[in-house]
Amino acid sequence: MLEAINLEVSYGGIAAVKGISFAVEEGEMVALIGANGAGKTSTLKALARLLPARGTIRFLGEELAALPSHGLIGRGMALVPEGRGVFARLSVAENLAMGAYSRRDHAAISADLERVHELLPRLLERRTQLAGTLSGGEQQMLALGRALMGRPRLLLLDEPSMGLAPLMVHKVFETIGAVAATGVTILLVEQNAKLALESASRGYVMEGGRITLADSAGNLLADRRVREAYLGE
Amino acid sequence: MDTFVQQIINGLTLGSIYALVALGYTMVYGILGLINFAHGEVVMIGALTALAVIKPLAGAGLPWPLAVLAGVAAAIAACMALGFVIERVAYRPLRNAPRLAPLITAIGVSMVLQQLAMIIWGRNYHSFPQLLPATPRAIGGAQITDLQIMIVAVAILMMAGLALLVNRTRLGRAMRATAENPQIAGLMGVDANHIVSLTFVIGSALAAVAGVMVSANYGIAHYNMGFILGLKAFTAAVLGGIGNLTGAMLGGILLGLIEALGAGYIGDLTGGFLGSDYQDVFAFFVLIVVLIFRPSGLMGEKVSERA
């Protein structure tokens, strides 16, 4: 479904991603783990066309290089950015409506809204509230719900556990699991390697802008290097 | 007391005009963080375009209301096109440049438009025809003309329309989302360039109407009329809290009232030393006071909220 070949990203001459290649198949959840500054977020941003990148990105057989960022959601790719990025001065309902901005199929949008409310009942309770007044966990839920309103086939999640209380992290990952179960393909970037590998089926480990390990999630969880570097053992 | 009521009426008229122009400043600032100092010139182009259409049409025997409507429509169309072109040519290439660059460009655009208007319409003051019969109506010891009623009513209608567009439509939602975070809005499928163009076009349409109003109110139009008016409307936008639509409306009305009341009483207050020709001083006094004591304006939000 998604394929990156020799992806390179640099900020003002400093290379953050140094030529990585990876693939995500339809229906799987893939985790991209690594330490802070390993280039994970840069990778996601490059995929979402928010950062200029060299190399090839192919999504559903289409080359993404020439596409602007706002053309992605219509093709089925959504990003839940690091730090959530909800529109603080828009209400919860308006944030969700923004998620469906690219769509015109009103009946299906209402159906999806109901689905999102079922999945994330908190959002229904808070629908008239400004998103900026939500707690961090609720904002993460909103960001997720908003992305789902675009009916993505591929969901890019950037650090969904960041800054959340353990209980909330658990809830967020439960929801991510439920989304994956509906057939949405997920590429998950996480610092919390244990959580990420427990949810995903495959994983890549990034270090210093390169992919150093690629394996099934189970094998990575059992890998000595991963356990020492990322699981604190 | 008569002076008071009269100056309130004058202030509301003037304030309605300021509010319409201030909205243009504040909308662009809200989305781009840019002060479009050429906006005052758009007002001027609106007034002169309306004049250039109304006079010959009326001269050719078209009924007066139709000629006026055609003039206003032409002004709106011309200004919308102008706003679109200004953004495309002057600001878009500098979208990622340091903030000072588009500011200087804005002043440059302002000068170019003034010179252009001078070439087309000359340096003279043009008398602007009376759009409505000037018979005053008496209210509470003061007088109000049909034109003043019309100015306030049209301004209210336009502001209500804008508020509806921004707060109740899909497009308005996209505008607010883009103002808050263009990158994230882009991920939702919003083409930020599209929204920016739209913002300039809408602001310019309001400016065109304001231009016709201000010229009708004072009975004159000339190539240099946009400068001071633009500065005052900018002041109104800052007073209300730049970037905030309600603030711009409120700031415009308030500034109009402050100016009118100030001009009405400055003679009494200074024992005749200063006259109402010092009217302009009030706007800039307000600007200075606001910048010193409440730089975020009456309804402004903290700048740090922009992520």
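**Entry 1: Glu138(A) and its partner.** I began with Glu138(A) in this predicted model, and I noted that Glu138(A) is buried, with a relative accessible area of 7%. I then looked for its charged partner and found that Glu138(A) forms a salt bridge with Arg126(A), the closest N and O atoms being 3.5 Å apart. Glu138(A) sits in helix α5 of chain A, while Arg126(A) belongs to the loop between α4 (121–125) and α5, and the two are 12 residues apart. Arg126(A) counts as partly exposed, because its relative accessibility is 23%.

**Entry 2: other salt bridges in chain A.** I looked up how many salt bridges the structure holds over all chains, and the count is 23. One of them joins the side chains of Glu26(A) and Arg153(A) at 3.5 Å, N to O. This pair links distant parts of the chain, since Glu26(A) is in the loop between β2 (14–24) and β3 (29–34) and Arg153(A) is in the loop between α5 and β7 (154–158), 127 residues apart. I also looked up Lys40(A), whose side chain meets that of Glu159(A) in a salt bridge of 3.7 Å, N to O. Lys40(A) lies in helix α1 (residues 40–47) and Glu159(A) in the loop between β7 and α6 (166–181), so this pair ties together parts that are 119 residues apart in sequence. Both Lys40(A) and Glu159(A) are buried. Finally, I wrote down a network of salt bridges that links Arg103(A), Asp105(A), Asp112(A), Arg115(A) and Arg151(A).

**Entry 3: where chain A meets chain B.** I turned to the contact between the chains, which takes 21 residues from chain A and 21 residues from chain B. Chain A and chain B bury about 2100 Å² between them, 58% of it on carbon and sulfur atoms. I counted 2 salt bridges between the two chains, and Glu94(A) forms a salt bridge with Arg176(B), with the closest N and O atoms 2.7 Å apart. On the side of chain A that touches chain B, helix α2 (residues 92–99) gives the most, with 4 residues.

Definitions and conventions: Residues numbered from 1 in each chain as written. Chains lettered and ligands numbered in written order. Predicted model: local features only at pLDDT ≥ 70, side-chain atom pairs only at ≥ 80, totals over all residues. Heavy atoms only, no water. Contact = heavy atoms within 4.5 Å. Buried area = accessible area lost by both parts, 1.4 Å probe. Salt bridge = Lys/Arg side-chain N within 4 Å of Asp/Glu carboxyl O. Buried < 20%, exposed > 50% of the residue type's maximum accessible area, 1.4 Å probe, protein only.
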